[in-house]
Amino acid sequence: MSRYQTRIGGFGIGGGWTPAVKALVIICGVAFVLQIFDQFAGSPSFTYKFGLSPAAVTETYYLWQLVTYIFLHGGFFHLLFNMLGLYMFGSELEQTWGTRQFVKYFFICGIGAAITTIIASPHSPVVTIGASGAIYGLLLAYGVLFPNRIIYLYMVIPIRAKWFVVIFGAIAFFSSMSATGSGIAHLAHLGGMIFGLAYLKGFRVFFDLKGHYDRWQRNRLRRKFDVYYNERRRDEDDQQKWRKWRN
């Protein structure tokens with residue numbers, strides 16, 4: 001049984017900082033400090049240049065925003081809760097997959113969330129920032145890999161990870177269907193989960209195909225060995241018969 005079985009209210013019990021999770025938290029923290037200095041300078045150009053603006057991407061080809069927006073946040077608590085989610089779900093996923101695979105999945109979800117936002121409003125000048133889309137992708141992966149882990153919602157309500165994912169996925173979906181003035185990019189959350197699910201399904205199919213290929217290769221080598229072994233046995237039997245005939 002894993003020592004990471006229980007998660008309480010968004011805080012991980014046990015475990016430690018994994019390399020990619022630690023690096024991502026540090027980068028987000030440094031970016032947040034730069035945002036603060038930029039605001040003190042009187043012109044938040046840093047956020048507008050590196051946040052996700054669909055109009056900037058589609059009209060002036062600021063393609064770097066598909067990645068850089070992930071590291072910017074709209075306030076301390078926005079940063080805090082995203083980093084807690086990254087630590088809580090990301091650490092065990094990185095330990096399970098390995099650093100390289102985890103980083104790849106994280107950015108697929110984050111960029112997927114950005115693409116979803118751009119498709120919905122390709123000429124919108126509204127700037128989206130935050131790692132929430134990528135975090136929702138991590139949440140989905142956690143629910144898929146560890147569906148029966150218990151999460152204590154708000155440190156009180158025990159709920160299995162798979163239902164936790166369903167609830168938050170439904171919230172993101174219905175919120176994205178309605179126009180709200182909350183400023184929360186619900187569509188990006190949903191996009192992160194959708195791209196994460198598509199990747200996980202494709203990832204599983206890839207390894208299923210690879211497994212079939214490996215089995216085919218093993219059977220092929222086994223048949224070759226059987227042919228070689230049978231021929232060798234026949235040669236030895238023929239040699240023994242020849243010796244007996246000569247004697």
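The protein comprises 9 helices and 4 strands, taken as DSSP runs (helices H or I with at least four residues, strands E with at least two) and numbered from the N terminus. Along the sequence these elements follow the order β-β-α-α-α-α-α-α-α-β-β-α-α. The model is predicted, so local features need pLDDT of at least 70 and side-chain atom pairs pLDDT 80 or more, whereas totals for chains, interfaces and linings use all residues. Residues are numbered from 1 along each chain as its sequence is written, and side-chain values use heavy atoms, with hydrogens and water left out.

Of the 247 residues, 37% are buried (under 20% relative accessible area; exposed, over 50%; partly exposed, in between; 1.4 Å probe, protein chains only).

The structure contains 1 salt bridge, defined as a side-chain nitrogen of Lys or Arg within 4 Å of a carboxyl oxygen of Asp or Glu. The side chains of R149 and E92 form this pair, at 2.8 Å from N to O. Because R149 lies in the loop between α7 (132–145) and β3 (150–153) and E92 in helix α5, the bridge ties together parts 57 residues apart in sequence. R149 is buried at 12% relative accessibility, and E92 is buried at 4%.

Helix α5 (residues 76–97) also contains F81, which is exposed, with a relative accessible area of 55%. F76, F77, L80 and F81 make a nonpolar surface patch of about 450 Å². Patches consist of residues with over 30% relative accessible area and no salt bridge, with like charges joined within 9 Å and nonpolar side chains (Val, Leu, Ile, Met, Phe, Trp, Tyr) within 5 Å.

How values were computed
Accessible areas come from the Shrake-Rupley method with a 1.4 Å probe; for residues, only the protein chains shown count as cover.
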